[in-house]
Amino acid sequence: MRLLLLLLATLACAARPVAPPLPAPPPPDPLTGRWQGDQVREDGGRRLYQFVLKEDGGKVSGAVYAGNGSNPITEGSVSGEQVTFVVKGATYRGQRRGEDLQVAIPGSRGATQSLATHRVSREAAPPPRPPITLPELRELPTNGLARTPPMGWNSWNKFRTRIDDKLIREIADAMVSSGMQAAGYQFINIDDGWEGSRDEAGNIRSNERFPDMKALSDYVHGKGLKLGIYSSPGFRTCAGFEGSLNHESGDARTFAAWGIDYLKYDWCTAPLAYEVSQMRAAYQKMGEALAATGRPIVYSLCQYGREHVEQWGAAVGGNLWRTTGDISDRWDKMSSIGFDKQAGLETQAGPGHWNDPDMLEIGNGGMSDDEYRTHMSLWALLAAPLIAGNDLRTMSATTRAILTDAEVIAVDQDPEGHQGKRVVKEGDLETWARPLAGGAVAVGLFNRGSAATRMTVRWQELGLEGRRQVRDLWAHAARGKAEGEVSGDVPPHGVVLLRLDREAARRRK
Ligand code: GLA
């Protein structure tokens, strides 16, 4: 039987022509090119990614352009439709379908986010830069604002992009009811996440979470407070919202019409549009646009201290400029920014133009009360802007006491505006001093170590002579007179903040 079947099958095959073997699928054309896609986030932000890829013998090279600039691909391979490449140690995995490439972007803690990109060029060339006109560099006249470091609140540290009109109104209410306003805090600053799309004429609009910016500013002004806003010289902000690139004058006019009193201008996607050498001119362009509105608007530069901003921040009209990358609510981050990254910048600060070591994290829960007192003391000695970043509606009595301490704020707001500096460092122990009006000196004995310690500072280290009245600012207590040196018991990660007054100055009062 089997034999018979075999015979029949053989005969059948012989009767039909032999089918040619199926052609192997053509290999996909090389991946080489520029692939682009928007990562649309829940908050409405759209983060643009551009992958410049070059395929060569199964290997992939190139760079990823996203957010704050570009990073090279250090290793990459392609096999059929699967693409893998490594950027800054993180692995991106792609699945290709013709001109579309779906990429799993590595996120924090092993999470990945899926992004659809499309090939927009077959050349592995960097993204073209948009046409931009920039002003000739010059020194803008001062706007006369921020004679002492600005004090206020900003939404970013606590709320990120989870912000809306209701929150801002409630924070304004809490600013008043908590005593923050009476202590000197004035600005309510909306950070990233308020932006909507532009209208046909190119005017920026707020998104649906902020239905009426003018009404919001009227509300804030009605409480005797001021309203701040945020944008970027790039085409998008850090969180992927609309930036001010090529809309500087119009946006400044819109902000003025809304009644805005403070603008934080954040570099963010600007590296995709500008050469780094154009940074100063890009900031000057907005400085000029703000000045042209005729409205007093504090101008806050946020470009993470790059390109020696302290040397030109005031010339572009800036009232303050960030000196570092972002702070976070952790001792190691706050202390490294406050203690280690500000040295040498003190010569550039003064009335109207301040170094900004970033906003306060006090009350956000990641540090102890002693650590938050260190944060507040150091910022006061640095003549830093005091921009609270916590939820003012629910803060504890201790948080409120730290943020509103009149004697510590008086150090920050000293009218002479000299920024303090470190005068002694011995391992974890640092003494910082700031000259104040009337010949007084504020001194911070800081203990960065983990055991309580007694610290002493000598007059020669402070450039002082004679007898001084000593006041412990956090204890709100006079500590008598001292000559030659003064000591304090400093808790771990804590501070003793002293004010040393001339005896004569005290007597004159
Ligand atoms: C950058 C800034 C932050 C904040 C975010 C908003 O990271 O440095 O202070 O403004 O952008 O996206």
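**Cavities, ligand and pocket in a predicted model**

Good morning. I begin with the lining of the largest cavity, which comprises 5 nonpolar, 2 polar and 4 charged residues. In this classification, Ala, Val, Leu, Ile, Met, Phe, Trp, Tyr, Cys and Pro are nonpolar, Asp, Glu, Lys and Arg are charged, and the others, Gly among them, are polar.

The model is a predicted one, in which local features need pLDDT of at least 70 and side-chain atom pairs count only at pLDDT 80 or more, while totals for chains, interfaces and linings use all residues. Residues are numbered from 1 along each chain as its sequence is written, and side-chain values use heavy atoms, with hydrogens and water left out.

Let me define the spaces. On a 1 Å grid over the protein atoms alone, a cavity is a set of points where a 1.4 Å probe fits but cannot get out; a pocket is an open set with protein on both sides within 12 Å along at least five of seven lines; and lining residues have an atom within 4 Å of a point. Points are joined across faces, edges and corners, and a volume is the space filled by probe spheres set on the points.

How many cavities of 30 Å³ or more are there? The count is 2. The largest cavity holds about 70 Å³ of space. Its lining includes Asn-154, Tyr-262, Lys-264, Arg-322 and Asp-358. Strand 14 (262-266) and strand 16 (320-322) each supply at least two of the lining residues. Helices (H or I, at least four residues) and strands (E, at least two) are DSSP runs, numbered from the N terminus.

The second largest cavity holds about 30 Å³, and among its lining residues are Trp-194, Glu-195, Arg-198, Asp-251 and Phe-255. Two or more residues of this lining come from each of strand 11 (195-198) and helix 6 (248-258). By class, the second largest cavity is lined by 3 nonpolar, 3 polar and 4 charged residues.

I turn to the ligand. Which residues come nearest to it? Of the 13 residues around the ligand (a heavy atom within 4 Å), these are Asp-191, Asp-192, Lys-264, Asp-266 and Asp-326. The shell has 7 nonpolar, no polar and 6 charged residues. A polar side-chain atom of Asp-192 lies 2.8 Å from a ligand oxygen atom; for Asp-266 the corresponding distance is 2.9 Å. In Asp-326, a side-chain N or O atom is 2.5 Å from an oxygen atom of the ligand. On its own the ligand has 310 Å² of accessible area (Shrake-Rupley method, 1.4 Å probe), and the protein covers 93% of that area.

An automatic or database assignment sets the domain bounds, giving domain 1 (33-121), domain 2 (151-412) and domain 3 (421-502). The centres of domain 1 and domain 3, taken over C-alpha atoms, are 53 Å apart.

The largest pocket has a volume of about 1,000 Å³. Of its 31 lining residues, Arg-47, Tyr-49, Ala-66, Gly-67 and Asn-68 are closest to the pocket's centre. Strand 2 (46-56) and strand 3 (59-66) are among the elements giving two or more residues to this lining, and strand 2 gives the most, with 4 residues. Where does the largest pocket lie? Domain 1 and domain 2 both give residues to its lining, so the pocket lies between them. Thank you.

Notes. A polar contact is a pair of N or O atoms within 3.5 Å; within protein, one must be able to donate a hydrogen and the other to accept it, and residues adjacent in sequence count only if both atoms are side-chain atoms.
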